[in-house]
Amino acid sequence: MYVSDKPNYPLIQTLLESLQQDLRLLVDPPDGSKQHPATTCLELWLCHPNYASGMYYIDPNQGNPSDALLAYCHFSGTATQTCLHPQDSQVPIKAWLEDSPSGGSFQWLSRLEHGFQFYYTGASVVQLRFLKLQSSTAVQKVTYSCHPGHRLGLLDRDVKFLTDTRRQSYLGTLKDCVPGEEMETGARESVFEFEDLNLLPVRDVAVMEGDDFAHRFGFTIGPVCFS
């Protein structure tokens, strides 16, 4: 076996790019402003370990800072998270499926009156792709809530959560809401938690229609946090 004397140009290019990045952080470290955004919250913390958790600008694709986006940076002793909040986090509590047919199919809330999909301010397809490339995990929580005075009942109903690919969905079950007098004890909320770097963030919710589904419910979409 012979060792080739030919230079490994891809490896050299990777090393030069890494060195260039390290020099940039030393000469002109990001400060989380619109003019000097960090690539991620982790990079910002490495440059400024005294920073407190809060809102800072990041630019995952490291291009022109004009497309930098505002993110919540959660700094803790165990992990640093880059969190993106949806523009509209609250799907209001109402009788979403009151007028839906009982055909046993899923109803996407975004297709119903006053419904909408979930968008994340400044998080373009390109920025999200680069943020995922520089992360190893992603988590997001969605809270299902009954109308005040109601509680989670005993009957299960299927629910789907549309992923960022818009071709795949998480499948789960939720409890129908019932009047408080029918359930003396119990919660009025349940929480779904998702962990998938490639599929998050959540974009839409669909609930299985059916008979006797006129109760009011809503969802709270939490931030998607990358680390």
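# Contacts, core and salt bridges

Leaving out residues up to four places away in sequence, Leu 84 touches Leu 69, Leu 70, Ala 71, Tyr 120, Ala 123, Leu 128, Leu 131, Pro 223, Val 224 and Phe 226, where contact means heavy atoms within 4.5 Å. The model is predicted, so that local features need pLDDT of at least 70 and side-chain atom pairs count only at pLDDT 80 or more, while totals for chains, interfaces and linings use all residues. Residues are numbered from 1 along each chain as its sequence is written, and side-chain values use heavy atoms, with hydrogens and water left out.

## The nonpolar core

Leu 84 is also one of the residues, together with Tyr 144, Phe 161 and Phe 219, that touch the most other members of the largest nonpolar core, which has 43 residues. Such a core is a set of buried Ala, Val, Leu, Ile, Met, Phe, Trp, Tyr and Cys residues joined through side-chain atoms within 4.5 Å; buried means under 20% relative accessible area, exposed over 50%, and partly exposed in between (1.4 Å probe, protein chains only). Strand β11 (residues 217–226) gives the most to this core, contributing five residues. Helices (H or I, at least four residues) and strands (E, at least two) are DSSP runs, numbered from the N terminus.

## Helix α3

In helix α3 (residues 125–133), the residues Gln 127, Leu 128, Leu 131 and Lys 132 are buried. They lie on the same side of α3, because they cover an arc of only 130° around the axis, the arc being that of the directions from the helix axis to the C-beta atoms. The cover over the buried residues of α3 includes β2 (69–75), β3 (80–84) and β11, whereas Val 125 and Leu 133 are exposed residues on the face turned away from the buried side.

## Salt bridges

A salt bridge is a side-chain nitrogen of Lys or Arg within 4 Å of a carboxyl oxygen of Asp or Glu, and by this rule the count comes to four.

Lys 175 is partly exposed, with a relative accessible area of 31%, whereas Asp 176 is buried at 8% and Arg 157 is buried at 10%.

The pair of Asp 164, in the loop between β7 and β8, and Arg 203, in the loop between β9 (189–195) and β10 (204–208), links parts of the chain 39 residues apart. Asp 164 counts as buried at 16% relative accessibility, as does Arg 203 at 5%. Lys 132 joins Asp 164 and Arg 203 in a network of salt bridges, and Lys 132 is one of the buried residues of α3.

Trp 45 is found in helix α2 (residues 41–47) and counts as partly exposed at 30% relative accessibility. His 48, in the loop between α2 and β1 (54–58), counts as buried at 17% relative accessibility. Apart from its neighbours within four places in sequence, His 48 is in contact with Pro 30 and Asp 31.
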